[in-house]
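Hi everyone, thanks for coming.

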Amino acid sequence: MCVRHASNCSLPAAPPGSPSSAARNRCVDAAEACTADTRCRRLRTAYVAQCLGPASPGSCPRARCRRALRRFFARGPPPLTHALLFCPCGGPACAERRRQTFVPSCAFSGPGAAPPSCLASLEACERSRVCRPRLLAFQASCGPAPSCLSAYAGLVGTAVTPNYVDNASARVAPWCDCGASGNRREECEAFRGLFTRNRCLDGAIQAFDGWPPILHDLDPHQDSEHSLLQASSADRLLEGSSLLSMLPVLALQPLL
């Protein structure tokens, strides 16, 4: 058992005669590793309690839920928090567990049965001191896989929280669509394409082939909040730039 430090955590070897590691549910492994780590378990328990907490009928405490999720990624050990977010799946049972990990009924979708316009989500992000620098960091960081995945994780718990869209793939998107965007359809699709047509992000998620990529590439003793400082740096570099003003340019070029 691993306790307190992610560096002490390792996946148990498959016993002789058992299914290969490829057939294992890596999301279950990730959940067990988080539970065995004191800090990860405490932060995970906190966001679950907030996201499933009492609220008025037909709603959820979305602001508290998202704040707890941001705290989970800011303060939890990155090897363990990223393993929960990006665990690779080979079947629908695993993929559905991955899709439900961060309580999407409160943190991701709603309010209402139909998703809002992506432009509304983007404009909410533009006004948010929390969301805006993180989205800028995501746009700037999807190069090397660890940076891309860290920037993606930083968006969980913001106005443009992404999640897995089904249990048959690793496709991700925020809770929004472009059906009612009118003459701003191209701008709307450019924003949504940051998630749905981003080959770098797709490749980074697919490259999370089991445990080693994050455990080996990230320093488990690094303060997780350091990666979020990069978002503030990106915001300073692009100070005065509008997220909305960037999208027409993005729409005219292929996403890498």
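This is a predicted model: local features need pLDDT of at least 70, side-chain atom pairs count only at pLDDT 80 or more; totals for chains, interfaces and linings use all residues.

Residues are numbered from 1 along each chain as its sequence is written, and side-chain values use heavy atoms, leaving out hydrogens and water.

So, how many aromatic pairs does the structure hold? There are 11. Rings of Phe, Tyr and Trp (its six-membered ring) pair if their centres lie within 6.5 Å; planes under 30 degrees apart count as stacked, over 60 as edge-to-face and the rest as tilted.

Take phenylalanine 72 and phenylalanine 102. Their ring centres are 6.0 Å apart and their planes meet at 55°, so this pair is tilted. Phenylalanine 72 lies in helix H3 (residues 62-75), while phenylalanine 102 is in the loop between helix H5 (92-100) and helix H6 (104-107), so the pair ties together parts 30 residues apart in sequence. Helices here (H or I, at least four residues) and strands (E, at least two) are DSSP runs, numbered from the N terminus.

Buried means under 20% relative accessible area, exposed over 50%, and partly exposed in between (1.4 Å probe, protein chains only).

There is also a cluster: ring pairs link Phe86, Phe138, Tyr152, Phe191, Phe195 and Phe208.

Next, look at arginine 98. Its charged end sits over the ring of tyrosine 164, 4.2 Å from the ring centre. That label applies if NZ of Lys or CZ of Arg is within 6 Å of the ring centre and within 35 degrees of the ring normal.

Finally, the salt bridges: the whole structure has six. Each is a side-chain nitrogen of Lys or Arg within 4 Å of a carboxyl oxygen of Asp or Glu. Please find arginine 184 on your screen. Arginine 184 bridges to glutamate 123, with the closest N and O atoms 3.3 Å apart, and to glutamate 187, at 3.1 Å from N to O. Together, Glu123, Arg184 and Glu187 form a salt-bridge network. Arginine 184 is partly exposed at 27% relative accessibility, whereas glutamate 187 is buried at 14%.
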